[in-house]
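I opened the notebook today to write down, step by step, what I looked up in one structure.

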Amino acid sequence: MSLRKKVQEERKMEATITSCWQDLCTRCPQWKDAAAPFAAAVRLLAESVAAGGKILLCGNGGSAADAEHIAGELMKSFLLPRPLPESFCRRARDMFPQQAAELSRLQGGIAAIPLVSGVALPTAFANDVDGQLGFAQQVYALARPGDVVWGMSTSGNSYNVNQALRVARLLSCRTLGLTGRDGGEMASLLDVELRAPASATPQIQELHLPMYHALCACLEAVIFGGQDPA
């Protein structure tokens, strides 16, 4: 990529981040002091996705539901159309002409895996080894250098989530977290922390949702905004 092109892409990303940030603060002014970590989180996620990385999500209780929610926003179109590459559509027409039209309805996706899903693996690992290492085991098996492990904990002290973040560090992954209160132990394990300005668990969770929606929208705009199928 030429220097001029790189500068243009950087300016476009900055404008996208600023726009998404301003929208978040209009809707949820409690986050007004988190401009820097918001921008850092978008960049961290975008760099990983651009390099072919994936996002691994974990949390407990309400944060487990949030992990599923985030994956749902990333794996398919959220706010923008995500056209398929013409090369994929052409290959579908060549190989499966009868199903090509249906296959062309797929959407561009951002690889995101909620580690909270499933029953067999976590229960087997809890029974055979240690339930507190369930997320960590999945990170160890699935993560590659450059992937992002995104943890959520209202206290910052969810032991199983923090163990997953430790394994992420050992595997040279990037770490992102949604926390609250004082950030807890998780704060020291994160490349980027987004700490909700609240102390009570329900209020922290209420603030996490608009933040991760804004992150998903911003990442989608960076990756797919103005994209021409190729």
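**Entry: before starting**

I note that I am working with a predicted model, and I number residues from 1 along the chain as its sequence is written.

**Entry: H2 against H9**

I began with helix H2, residues 35–50, and helix H9, residues 201–224, and found that they pack at an angle of about 45°, with their axes 10 Å apart. Angles under 35 degrees count as roughly parallel and 65 to 115 as roughly perpendicular, so I wrote down that H2 and H9 are oblique to each other. The crossing in which H2 passes H9 is right-handed.

Which residues of H2 and H9 meet? On the H2 side I listed Phe38, Ala41, Val42, Leu45, Ala46 and Val49, and on the H9 side Met211, Ala214, Leu215, Cys218, Leu219, Val222 and Ile223. When I sorted the residues of this contact of H2 with H9 by class, I had 13 nonpolar, no polar and no charged.

**Entry: H1 against H2**

I then turned to helix H1, residues 3–27, and saw that H1 and H2 pack at an angle of about 130°, with their axes 10 Å apart. H1 passes H2 in a right-handed crossing.

From H1 I noted Glu10, Met13, Glu14, Ile17, Cys20, Trp21 and Leu24, which meet Ala35, Phe38, Ala39, Val42, Arg43 and Ala46 of H2. The classes in the contact of H1 with H2 come to ten nonpolar, no polar and three charged residues.

**Entry: H3 against H9**

How do helix H3, residues 62–75, and H9 cross? I found that their axes come within 10 Å and cross at roughly 20°, which makes H3 roughly parallel to H9. The crossing of H3 and H9 is right-handed.

The residues I listed for this contact are Gly62, Ser63, Asp66, His69, Ile70, Glu73 and Leu74 from H3, together with Gln205, Leu209, Tyr212, His213, Cys216 and Leu219 from H9. By class, I recorded six nonpolar, five polar and two charged residues in the contact of H3 with H9.

**Entry: Glu193**

I looked next at Glu193, which is found in strand S5, residues 192–195. With which side chains does the side chain of Glu193 make a polar contact? One is the side chain of Thr179, at 2.7 Å, and another is the side chain of Arg195, at 2.8 Å. Leaving out residues up to four places away in sequence, I found that Glu193 touches Pro37, Gly177, Thr179, Gly183 and Ala187.

Ser172, in the loop between helix H8 (159–170) and strand S4 (174–179), has a positive phi near 65°. Arg181, in the loop between S4 and S5, has a positive phi near 55°. Ser172 is partly exposed, with a relative accessible area of 48%, and Arg181 is partly exposed at 37%.

**Entry: Thr154**

Beyond residues up to four places away in sequence, Thr154 touches Thr179, Gly180, Arg181, Thr201, Ile204, Gln205 and His208.

**Entry: Ser2 and Gly225**

I finished with a residue from the segment before H1, Ser2, and a residue from the segment after H9, Gly225. Ser2 is partly exposed, with a relative accessible area of 44%, whereas Gly225, at 18%, counts as buried.

For Ser2 I noted that its C-alpha atom is separated by 36 Å from that of Trp31, which is 29 residues apart from it along the chain. Gly225 and Ser87 are 138 residues apart in sequence, and I found their C-alpha atoms 19 Å apart in space. Not counting residues up to four places away in sequence, Gly225 touches Lys12, Leu80 and Glu220.

Technical notes
This is a predicted model: local features need pLDDT of at least 70, side-chain atom pairs count only at pLDDT 80 or more; totals for chains, interfaces and linings use all residues. Side-chain values use heavy atoms; hydrogens and water are left out. Helices (H or I, at least four residues) and strands (E, at least two) are DSSP runs, numbered from the N terminus. A polar contact is a pair of N or O atoms within 3.5 Å; within protein, one must be able to donate a hydrogen and the other to accept it, and residues adjacent in sequence count only if both atoms are side-chain atoms. Contact means heavy atoms within 4.5 Å. Axes are lines fitted to C-alpha atoms, for helices over the stretch in contact, and angles run from 0 to 180 degrees between N-to-C directions. Angles under 35 degrees count as roughly parallel, over 145 as roughly antiparallel, 65 to 115 as roughly perpendicular and the rest as oblique. A crossing is left-handed if the near helix is turned anticlockwise from the far one by less than a right angle, and right-handed if clockwise. Ala, Val, Leu, Ile, Met, Phe, Trp, Tyr, Cys and Pro count as nonpolar, Asp, Glu, Lys and Arg as charged, and the others, Gly among them, as polar. Buried means under 20% relative accessible area, exposed over 50%, partly exposed in between (1.4 Å probe, protein chains only).
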